[in-house]
Amino acid sequence: MPTVVYPGSFDPVTLGHLDIMKRAVKIFGTLVVLIANNPSKKYTFSAEEREKFIIKALEEEGMSNIVKVEVFNGLLVDYVRKFGDVVIIRGLRAVTDFEYEFQMLLANRTLCKEFELIFLPASNRYLYLSSSIVKEIARFGGDISRCVPASIIDFVMEKLRIN
Ligand code: ADP
């Protein structure tokens, strides 16, 4: 059985991400959540904060002993090369996601022949949900309780709220 890895920015983790994690665990039994920390990308939350949020969310769901959380600084293909037998999971919300994701997949396959990826379609209730939308709502003091795990609401609001 290959190692199943769900990479992303998770800036911050949303209920949509968590839904993908739960479904991946249901299908494969275990999961590694890989937090991308690309030095050329600007994140709102530090890698430590993003990691803490995911750990809290997993604890809330009673999944902390099934899902492993790691931070990775390099290219995804380097992770795949380093650990060998890996299958990547990505979530798909809409056709727009598909175009971007498919392009990334083809690029990664060009860089690494062993690169394997499975797309999991988003659940209907989370089709609209993204980390950017959460940040937009939080900045203006809106209610993010239907967007992120309960255990991280206060942390997200504290950092982002501007009034
Ligand atoms: P990235 O910057 O790598 O795209 P994200 O944190 O935005 O990282 O997303 C990580 C993965 O989760 C991507 O495959 C994305 O399509 C998927 N994803 C994001 N939001 C949702 C959602 N609401 N439902 C299902 N999948 C999602």
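Analyst: A polar contact is a pair of N or O atoms within 3.5 Å; within protein, one atom must be able to donate a hydrogen and the other to accept it, and residues adjacent in sequence count only if both atoms are side-chain atoms. The model is predicted, so local features need pLDDT of at least 70 and side-chain atom pairs pLDDT 80 or more, while totals for chains, interfaces and linings use all residues. Residues are numbered from 1 along each chain as its sequence is written, and side-chain values use heavy atoms, without hydrogens and water.

User: How many residues surround the ligand, and which are the closest?

Analyst: There are 17 such residues, and the closest are Tyr6, Ser9, Phe10, Gly91 and Tyr126. To be near a molecule or strand, a residue must have a heavy atom within 4 Å of it.

User: Why is Phe10 called buried?

Analyst: Buried means under 20% relative accessible area, exposed over 50%, and partly exposed in between (1.4 Å probe, protein chains only). Phe10 has 3% relative accessibility, so it counts as buried. Phe10 is placed in the loop between E1 and H1; helices (H or I, at least four residues) and strands (E, at least two) are DSSP runs, numbered from the N terminus.

User: How do you know whether Thr14 is buried or exposed, and what does Thr14 touch?

Analyst: The relative accessible area of Thr14 is 2%, and therefore Thr14 is buried. Not counting residues up to four places away in sequence, Thr14 touches Leu129, Ser130, Ser131, Val134, Cys147, Val148 and Pro149, where contact means heavy atoms within 4.5 Å.

User: What is Asn38, buried or partly exposed?

Analyst: Asn38 has a relative accessible area of 33%, so it is partly exposed. Asn38 lies in the loop between E2 and H2. The side chain of Asn38 makes a polar contact of 2.8 Å with the side chain of Ser40. Leaving aside neighbours within four places in sequence, Asn38 is in contact with Tyr43 and Asn73.

User: What makes a set of residues a nonpolar core?

Analyst: A nonpolar core is a set of buried Ala, Val, Leu, Ile, Met, Phe, Trp, Tyr and Cys residues joined through side-chain atoms within 4.5 Å. The largest one here has 35 residues, of which Phe10, Met21, Leu31, Ile54, Leu58, Ile144 and Val156 touch the most other members. Two or more residues each come from E1 (3–8), H1 (15–28), E2 (31–36), H2 (47–60), E3 (67–72), H5 (131–139) and H6 (153–160). H1 gives the most, with six residues. A second, separate core has 13 residues, including Val32, Leu34, Val80 and Leu117.

User: How do you know that the buried residues of H5 line one face?

Analyst: In H5, Ser131, Val134, Lys135 and Ala138 are buried. Seen down the axis of H5, these residues fall within an arc of 95°, so they line one face of the helix; the arc is that of the directions from the helix axis to the C-beta atoms. The buried residues of H5 pack against H1 and H6. Just after H5, Gly141 takes a positive phi of about 75°.

User: Why is Lys135 called buried?

Analyst: Lys135 has a relative accessible area of 11% and is therefore buried. Not counting residues up to four places away in sequence, Lys135 touches Asp11, Pro12, Thr44 and Leu160.
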